[in-house]
Amino acid sequence: RRGPTAVRRDVHPPEIADLCEEMGDVLALVRSQVEATAAFTEALLRIPTSDRIRRARLHRKIGLVRQHERDLALKAFDDAEQALGAWPEKADDARSEWVDVQIGRLFVHYWKVEAAAMDQLLMRLEPHIARATPHQRAEYFDHLVLRDLRQLRYDVSDDTVAHARDYVSAARQTGDLATREIVGEPHLQL
C-alpha cells in the first residue's frame with residue numbers, strides 16, 4: 001500500500017503539499033492517527049520555512065491527531081508556536097492560528113487532568129477571544145465548562161451555566177452543523 005510518503009520528494013509543486021495536508025485531514029477524520037501524522041509531516045517537508053502560519057497549522061494538526069500520546073501532542077503544539085514566532089508580529093491570521101494552538105493544548109491538559117495548566121491557558125486566551133472566530137469562541141467556552149466541571153467535581157455553579165450559555169451562543173454562530181448538533185441546539189435550553 002502506498003502512503004503519503006511514497007510521493008517523490010524531489011517534486012515540490014504546492015499542490016503536492018496541499019494534497020498531503022488534505023489526505024491528513026481525511027485520515028484524521030477516520031481516526032488513522034499514524035497515517036494522518038505521516039501525511040502532515042510529508043506536507044511539512046514540502047513547505048518553505050518562510051510559510052510560518054501554514055507550518056504552524058500542520059504542527060497543530062499533528063498535535064490534534066496525537067492527543068492520545070499527550071507528550072507528543074504537546075511537543076507538536078510547541079513546534080506550532082515556534083513556527084509562528086514572536087507574538088508582537090502576529091497578524092490576524094497568525095493570531096487565529098495561535099488561538100487554535102492554545103485550544104489544542106487545552107484538550108491535552110483536560111485529558112491529563114491538569115486544571116492549573118488549563119487555568120493558565122484560559123487566562124492567556126481570554127484577551128483574544130473577542131477577536132476570535134465563532135468556532136474558537138465556542139471551543140474556549142466549552143473548555144471553561146469542562147474545567148469548571150472537573151474543578152467542582154461536576155457540581156454546576158452559576159459561572160458554569162453562564163459559560164455553557166456562552167458556548168451555545170458561539171456554537172450557533174459557527175454555522176457548523178456538527179458543532180450545533182453537539183450542543184443539541186434544538187434540544188438544549190439553558
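Trainee: Why is Arg60 called buried?

Mentor: Keep in mind that this is a predicted model. The relative accessible area of Arg60 is 11%, and the cut-off for buried is under 20%, so Arg60 counts as buried.

Trainee: Where does Arg60 lie, and which residues does Arg60 touch?

Mentor: Arg60 lies in helix 3. Not counting residues up to four places away in sequence, Arg60 touches Phe77, Ala80, Glu97, Asp100 and Val101.

Trainee: What makes the pair Arg60 and Glu97 a polar contact?

Mentor: The side chains of Arg60 and Glu97 are joined at 2.5 Å, and the limit for such a pair of N or O atoms is within 3.5 Å.

Trainee: How do you know whether Arg46 is buried or exposed?

Mentor: Use the cut-off again: Arg46 has 8% relative accessibility, and buried means under 20%, so Arg46 is buried. Arg46 is found in a loop, the one between helix 2 (33-45) and helix 3 (52-65). Arg46 and Pro14 are 32 residues apart in sequence, yet their C-alpha atoms are 7.6 Å apart in space.

Trainee: What does the secondary structure of the protein chain come to?

Mentor: Nine helices and zero strands. Read from the N terminus on, the elements run α-α-α-α-α-α-α-α-α.

Trainee: What makes the largest nonpolar core a core, and which residues have the most contacts inside it?

Mentor: A core of this kind is a set of buried nonpolar residues joined through side-chain atoms within 4.5 Å. The largest one has 28 residues, and those with the most contacts inside it are Phe77, Leu106, Leu125, Ile129, Tyr140 and Phe141. At least two residues each come from helix 4 (70-84), helix 5 (92-111), helix 6 (115-125), helix 7 (134-151) and helix 8 (158-174). Helix 5 gives the largest share, eight residues.

Trainee: Which residues is Tyr140 in contact with, leaving aside its neighbours within four places in sequence?

Mentor: Leu122, Leu125, Glu126 and Ile129. There's also a second, separate core of 14 residues, with Cys20, Leu27, Leu58 and Ala76 among them. As a general point, nonpolar side chains tend to be buried together in soluble globular proteins.

Trainee: And how much of the protein chain is buried?

Mentor: Buried residues make up 44% of its 190 residues. The protein chain exposes about 10,700 Å², with carbon and sulfur atoms supplying 54% of that.

Notes: Residues are numbered from 1 along each chain as its sequence is written. This is a predicted model: local features need pLDDT of at least 70, side-chain atom pairs count only at pLDDT 80 or more; totals for chains, interfaces and linings use all residues. Side-chain values use heavy atoms; hydrogens and water are left out. Helices (H or I, at least four residues) and strands (E, at least two) are DSSP runs, numbered from the N terminus. Buried means under 20% relative accessible area, exposed over 50%, partly exposed in between (1.4 Å probe, protein chains only). A polar contact is a pair of N or O atoms within 3.5 Å; within protein, one must be able to donate a hydrogen and the other to accept it, and residues adjacent in sequence count only if both atoms are side-chain atoms. Contact means heavy atoms within 4.5 Å. Accessible areas come from the Shrake-Rupley method with a 1.4 Å probe; for residues, only the protein chains shown count as cover.
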